[in-house]
Amino acid sequence: MNIRHRRLRQNSAIRALVQENQLSVDDFLVPLFVVEGNGVREEISSMPNYYRMSLDELQKEVIELWELGLKAVLIFVKVPDELKDNEGKEALNPKGLMPNAIKAIKEVCPEMLVFTDVALDPYSSYGHDGVVKEGQIVNDETVEILSKISVIHAKAGADFVAPSDMMDGRIEAVRKALEKANFPNVGIMSYSAKYASAFYGPFRDALDSAPGFGDKKTYQMNPANANEAVKEIIDDTKEGADIIMVKPGLPYLDIVVLAKQKTTLPIAIYQVSGEYAMIKAAAEKGWLNEKEAMLESLISMKRAGADIIASYFAKEVALLLK
Ligand code: PBG
């Protein structure tokens, strides 16, 4: 035998030398959940070791993340029920939780890149990502609101807005609104290929944002489709997105591979709440080695071609890499 593949696997030194992909703190985007109040740090029941934080705790967390080398956060807010309505009016409040969270982060850590979630669901009395009319989630009216929300986030100091709503035409509208409001340097990370997924369950617990009726299948994508993701990615690229996201992560690695072929923009992947919860739950039962399962799932995202990984494991990985 001339060819013996195992020569390059025989010890850890040679394995390291020929390793094709690496995880680095530079890869990660850290999702953070923000709530009102003071001194609040409450664990999310379906996301062990993950917390909703009030602004003071958020500031402490962000400093810690920065010291670990993490450079970007993705902010979600939990809005009290009494502030929710069909149009998501609270999302347009310049003194609302999101603008305050952006400012709080920039106050203690001005270089931390702040990405903000742009969608109506945390603010919607229906728990949908858009305005509801006669049982339908209406597109164009929602897009107008999303554009306004994006400008509010930019004014508060966001570096990137991240529309996660899957309405049509929103990237172009958001880009135009940002240019018009004189925020040419605020970028857009578009959730371009966002699937209607069961793996968002724990996230909806975290924000109390589960849809009140129906599901999200009229706007989020059918998990059976890949060509449709290509259409979305090409259109968002043309409309002016700076970064393209695929979501969820592990079940959609093929979409990342496709995305890499269809756009030259950086590709982000989102290892969503349900993926995190699965690993945590199996580890709690002693059925999986948590650290190994975490690292394997994340390196597979790099192997597929992801440039950026949004993950609830980001801090744990940064601690390990240190
Ligand atoms: C809402 C939004 C969701 C997630 C990110 N933004 C949930 C949804 O679409 O219902 C999911 C993230 C996760 O599960 O970690 N626009």
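Glu-134 lies in the loop between strand E6 (131-133) and strand E7 (136-138), where helices (H or I, at least four residues) and strands (E, at least two) are DSSP runs numbered from the N terminus. The model is a predicted one, in which local features need pLDDT of at least 70 and side-chain atom pairs count only at pLDDT 80 or more, whereas totals for chains, interfaces and linings use all residues. Residues are numbered from 1 along each chain as its sequence is written, and side-chain values use heavy atoms, with hydrogens and water left out.

**Positive phi angles and a cis bond**

The backbone of Glu-134 has a phi near 50°, which is a positive value in a residue other than glycine. At 82% relative accessibility Glu-134 counts as exposed, given that exposed means over 50% relative accessible area, buried under 20% and partly exposed in between (1.4 Å probe, protein chains only). Asn-49 is not a glycine either, and its phi is also positive, at about 65°. Asn-49, however, is placed in strand E3, and with a relative accessibility of 41% it is classed as partly exposed.

A further backbone feature is found at the peptide bond from Lys-247 to Pro-248, which is cis, with omega near -5°. Pro-248 itself belongs to the loop that runs between strand E10 (243-247) and helix H8 (253-262).

**The surroundings of the ligand**

For Tyr-312, a polar side-chain atom lies 2.6 Å from a ligand oxygen, while for Ser-273 the corresponding distance is 2.7 Å. In the case of Gln-220, an N or O atom of the side chain is 2.8 Å from an oxygen atom of the ligand. The protein covers 100% of the 400 Å² of accessible area that the ligand has on its own, with areas taken from the Shrake-Rupley method and a 1.4 Å probe.

**Buried charged residues and their contacts**

Arg-52 lies in strand E3, which spans residues 47-53, and with a relative accessible area of 12% it is buried. Its side chain reaches the backbone oxygen of Ala-206 at 2.6 Å, and the side chain of Arg-52 also reaches the backbone oxygen of Asp-205, at 3.3 Å. A polar contact is a pair of N or O atoms within 3.5 Å; within protein, one must be able to donate a hydrogen and the other to accept it, and residues adjacent in sequence count only if both atoms are side-chain atoms.

Lys-302, found in helix H10 (residues 290-304), is buried as well, with a relative accessible area of 15%. The side chains of Lys-302 and Asp-27 are joined by a polar contact of 2.9 Å.

**Separations along the chain and in space**

Val-73 is found in strand E4 (residues 72-77) and is buried, with a relative accessible area of 0%. Val-272, in the loop between strand E11 (267-271) and helix H9 (273-284), is buried at 2%. Pro-202, which is part of helix H6 (residues 201-207), counts as buried at 11% relative accessibility. Arg-7 is found in the segment before helix H1 (12-17) and, at 41%, counts as partly exposed.

| Pair | Apart in sequence | C-alpha to C-alpha distance |
|---|---|---|
| Val-73 and Ile-279 | 206 residues | 22 Å |
| Val-272 and Lys-133 | 139 residues | 29 Å |
| Pro-202 and Leu-288 | 86 residues | 20 Å |
| Arg-7 and Gly-39 | 32 residues | 55 Å |
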